[in-house]
Amino acid sequence: MNEFKNIREELQGDITLCAILKDGRFFKSYERGIKPIMEQLKSEPHFFENAILADKVVGKAAAFLAVYSKVSGIYAKTVSAPALSVLNEYKIPCEYETLVARIENRTKTGL
């Protein structure tokens, strides 16, 4: 998909942590975790429908948010196996660079 190429380039271009491509427009966030997704869902509940979501790290929580918000695809630099399983179950295409068994928290003290 050409959209995956565009959003992959957008995510690699700077320190963006999360990007959304919808209708040829980009929404970027420099915040960590699922916070930018949650904030956007609060302000515009249908914003993600038919959009491509790109994030540096996609874990199971982000995968379920993607399902809930009806994205049409995900690109991740790193995706967890449980997240990929959720995306596959709901037939959401996902491209990624690295597959890991799980996502640890920032302090490396747990999931």
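Predicted model: local features only at pLDDT ≥ 70, side-chain atom pairs only at ≥ 80, totals over all residues.
Visitor: What share of the protein is buried?

Guide: Buried means under 20% relative accessible area, exposed over 50%, and partly exposed in between, using a 1.4 Å probe and protein chains only. Out of the 111 residues in the protein, the buried share is 39%.

Visitor: Which residues of α2 are buried, and how are they arranged?

Guide: Helix α2 covers residues 35-43. Looking down its axis, the buried residues fall within an arc of 135 degrees (taken from the directions from the helix axis to the C-beta atoms), so they line one face of the helix. The face turned away from that buried side carries the exposed Lys42 and Ser43. The buried ones are Pro36, Ile37, Gln40 and Leu41.

Visitor: And what covers that buried side of α2?

Guide: Think of contact here as heavy atoms within 4.5 Å. By that rule, the cover over the buried residues of α2 includes β1 (18-22), β2 (25-29), β3 (52-58) and α3 (60-69).

Visitor: Is Lys35 buried, exposed or partly exposed?

Guide: Lys35 belongs to helix α2. With a relative accessible area of 42%, Lys35 is partly exposed.

Visitor: How are α2 and α3 oriented to each other?

Guide: Their axes (lines fitted to C-alpha atoms, for helices over the stretch in contact) come within 11 Å and cross at roughly 20 degrees, on a scale from 0 to 180 degrees between N-to-C directions. The contact is made by Ile37, Met38 and Leu41 of α2 and Leu65, Tyr68 and Ser69 of α3. Angles under 35 degrees count as roughly parallel, over 145 as roughly antiparallel, 65 to 115 as roughly perpendicular and the rest as oblique. The pair α2 and α3 is therefore roughly parallel.

Visitor: What does α3 pack against?

Guide: The buried residues of α3 are Ala62, Ala63, Leu65, Ala66, Val67 and Ser69. They pack against α2, β3, β4 and α4.

Visitor: Which residues does Ser69 touch?

Guide: Ser69 is in helix α3, and at 3% relative accessibility it counts as buried. Leaving out residues up to four places away in sequence, Ser69 touches Leu41, Phe48 and Glu49.

Visitor: Which residues of α4 are buried?

Guide: Helix α4 takes in residues 81-89. On one side of it you find Ala83, Leu84, Val86 and Leu87 as the buried set, and they cover an arc of only 160 degrees around the axis, which puts them on the same side of α4. Over on the other side, Asn88 and Glu89 are exposed. The cover includes β3, α3, β4 (73-80) and β5 (94-100), and the buried residues are Ala83, Leu84, Val86 and Leu87.

Visitor: Which residue caps the N-terminal end of α4?

Guide: Look for a side-chain oxygen that lies 3.1 Å from the backbone nitrogen of Ala83. The residue that supplies this oxygen is Ser80.

Visitor: Where is Asn50, and what is its phi?

Guide: Asn50 is in the loop between α2 and β3. It is exposed, with a relative accessible area of 61%. Here too phi is positive in a residue other than glycine, near 65 degrees.

Terms used
Residues numbered from 1 in each chain as written. Heavy atoms only, no water. Helix = DSSP H or I, 4+ residues; strand = E, 2+ residues; numbered from the N terminus. Polar contact = N/O pair within 3.5 Å; in protein donor to acceptor, adjacent residues only side chain to side chain.
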